[in-house]
Amino acid sequence: MPKRYTITAALPYANGPIHIGHLAGVYIPADTYARYLRLKNRDVAFICGSDEHGVAIDIKAKNEGKTPKQIIDYYDQIIRKSFDNFGISFDNYSRTSSKIHHETASEIFIELHEKKKFSIKETEQLFDPQVKSFLADRFVVGICPICKNDEAYGDQCESCGSSLNGTDLINPKSKLSGSQPKLRKTKHWFLPLDKYEGFIKDWILKGHKKDWRPNVYGQVKSWIDNGLQARAVTRDLDWGIPVPVDGGEEKVLYVWFDAPIGYISSTKEWAKKKNIDWKPYWQSHDTKLVHFIGKDNIVFHCIIFPIILKNLGSYVMPENVPANEFLNLEGNKISTSKNWAVWLHEYLEDFPGKQDVLRYVLTANAPETKDNDFTWKEFQTRNNSELVAIFGNFVNRVMVLTHKYYKGKVPISGKINQIDQEVLNSIKITTSELEKKIEQYQFRAYSQDLMNLARIGNKYLADQEPWKLVKQDPIRVKTIINTALQIAAALAVLSEPLLPFTSQKMKSMLNLNVGWDEVANFKNPLLLKGKLLKKPELLFTKIEDATVKIQLERLKNNII
């Protein structure tokens, strides 16, 4: 068993708010995993931060007539507040514009430079003669040479996932002026990825064929099959971390060299606050490193960043990179430029107190193995038919009956029959299955196993009908209610990784103070006889058709 866990979530670009695609792809699964490990009393560092040096920041600033600093300060605050209100439990959320990150990224670049791990080449890059500037990859758009998508960027085609260079595009155009760019010579530092094909083959293609997701493994294999090429780690830009060696004037570190190092600098920042050593979380072989990302970031986290870490010599490799596929919205690709998205900060305003509803729906329909679609109708259906009618209904029924028959005190259990025992056995069996699912990054299956335990509780109450036995067999009724309360207590604990707000409310109502391992090793009652429960509160409420209609109209009216 690892001594500690370093969990990273992809750094969001600070050029816009968080939307449901980000949540489904990265932040909910990462948070679920981190919360679970903490419940298991593991040593966890859950790390993230705003990515503030991407070309997207520069584009946004130029389009709005602002400085990059104004852009990143504005969106960093929106993102932080949204994550906090949504219950994403980062141990540290940093910024790549921070001093500690600039120092860390510069130190790593210098170390690799001094070890002669880079090659310095003069190459021809696309140059916009109208604005008199070399064009970073994201400033170039054109036709993808692989799939012929006519909106490919100079670094990647978001349609087919291919990694590109600006010079690969057919009919490239500058996003700054719309003109046809020209080729002009410039000097850059390159990381020779081709020298490390053997390392990637041994580490991933041989070592992780069975335990990594097929989409991740397949994309890495595709890159290897096509042959790795040297990749520039510097850019001709004025926004970013200056290249810290002679000859690097007027150049900055490429964002995909700088951004993953943000995980390390954020860990340093966190460790400094806690007055502990950061190094074991990145350099000790009894640490398990896990990257949660979207599929468009696979190459950077499975090839480029690991090669950087390998060249540094003292860092651990990621144990897993459970990247999700994309989440679409109402049948179309989420597009921030077209405002075709459900923004987290707007959701939190429109649905106060319903953080866990979105967490559940996005997990139950998570794009773990293929692109999936979010619809407001499914959102409504899963809330009303599952969270309200199954999970919430079961908990409310057993709480109401406890107050009605026993003034809110847990009744003593009488003789346990076979049906009761099977229901109680489901606690331990379900907990074991939930652990397997979470530890294998199968969060969608975890959500459904959790709901199935609530179904067991509902069916048990419906079949036993304690309300019909109150007068003729009061001892039997006490046994039924006690048994049902044990299921409710288990749900309160087991739901915490995914439904933290609901879990907290349930624990408060049940006056519960037990941990995950007590549920996993279920032998003694989780709720002891005589314990006084608080008044029941509804965990979930129905979402009406009118509410869904408002959201669909907003989407239609807001699209650009």
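Guide: The model shown is predicted. Helix H18 (545-558) gives the most residues to the lining of the largest cavity, 4 of them. Helix H10 (344-350) is another element that supplies at least two residues of this lining. The largest cavity holds about 120 Å³ of space, and the count of cavities of 30 Å³ or more comes to 6.

The residues that line the largest cavity are Asn339, Ala341, Val342, Trp343, Glu346, Tyr347, Asp350, Trp376, Gln551, Arg554, Leu555 and Asn558. Sorted by class, this lining has 6 nonpolar, 3 polar and 3 charged residues.

Val342 leads from the cavity to the packing. Val342 belongs to the lining of the largest cavity, and Val342 is also in contact with phenylalanine 374. Leaving aside neighbours within four places in sequence, the other contacts of phenylalanine 374 include Ile20, Leu327, Leu329, Leu358, Val361, Leu362 and Phe379. Asn328, Glu330 and Asn365 are on that list too.

Phe374 is also a member of the largest nonpolar core, which has 165 residues. Along with Tyr27, Phe257 and Phe391, Phe374 touches the most other members of that core. Helix H15 (residues 474-494) provides the largest share of the core, 13 residues. A separate core of 14 residues lies apart from this one, and includes Cys144, Ala152, Leu164 and Leu169. As a general point, nonpolar side chains in soluble globular proteins tend to be buried together.

Next comes valine 398, which lies in helix H12 (residues 376-406). Valine 398 counts as buried because its relative accessibility is 1%, and the cut-off for buried is under 20%. Leaving aside neighbours within four places in sequence, valine 398 is in contact with Leu461, Ile481, Ala484, Leu485 and Ala488. Valine 398 and proline 536 are 138 residues apart in sequence, and their C-alpha atoms are 9.3 Å apart in space.

The last element is helix H13 (residues 418-439), with 22 residues. At 1.5 Å a residue, H13 should span 32 Å, and the end C-alpha atoms are 32 Å apart, so the two values agree. Among the buried residues of H13 are Val423, Leu424, Ile427, Leu434 and Ile438. Asp420, Ser426, Thr430, Thr431, Glu435 and Lys437 are buried in H13 as well. The buried residues of H13 pack against helix H1 (20-39), helix H14 (443-464), H15 and helix H17 (516-520).

Note on methods:
Residues numbered from 1 in each chain as written. Predicted model: local features only at pLDDT ≥ 70, side-chain atom pairs only at ≥ 80, totals over all residues. Heavy atoms only, no water. 1 Å grid on protein atoms, 1.4 Å probe; cavity = no way out; pocket = protein on both sides within 12 Å on 5 of 7 lines; lining within 4 Å. Points joined across faces, edges and corners; volume = space filled by probe spheres on them. Nonpolar A, V, L, I, M, F, W, Y, C, P; charged D, E, K, R; others polar. Core = buried A, V, L, I, M, F, W, Y, C linked by side-chain atoms within 4.5 Å. Buried < 20%, exposed > 50% of the residue type's maximum accessible area, 1.4 Å probe, protein only. Contact = heavy atoms within 4.5 Å. Expected span 1.5 Å × (residues − 1).
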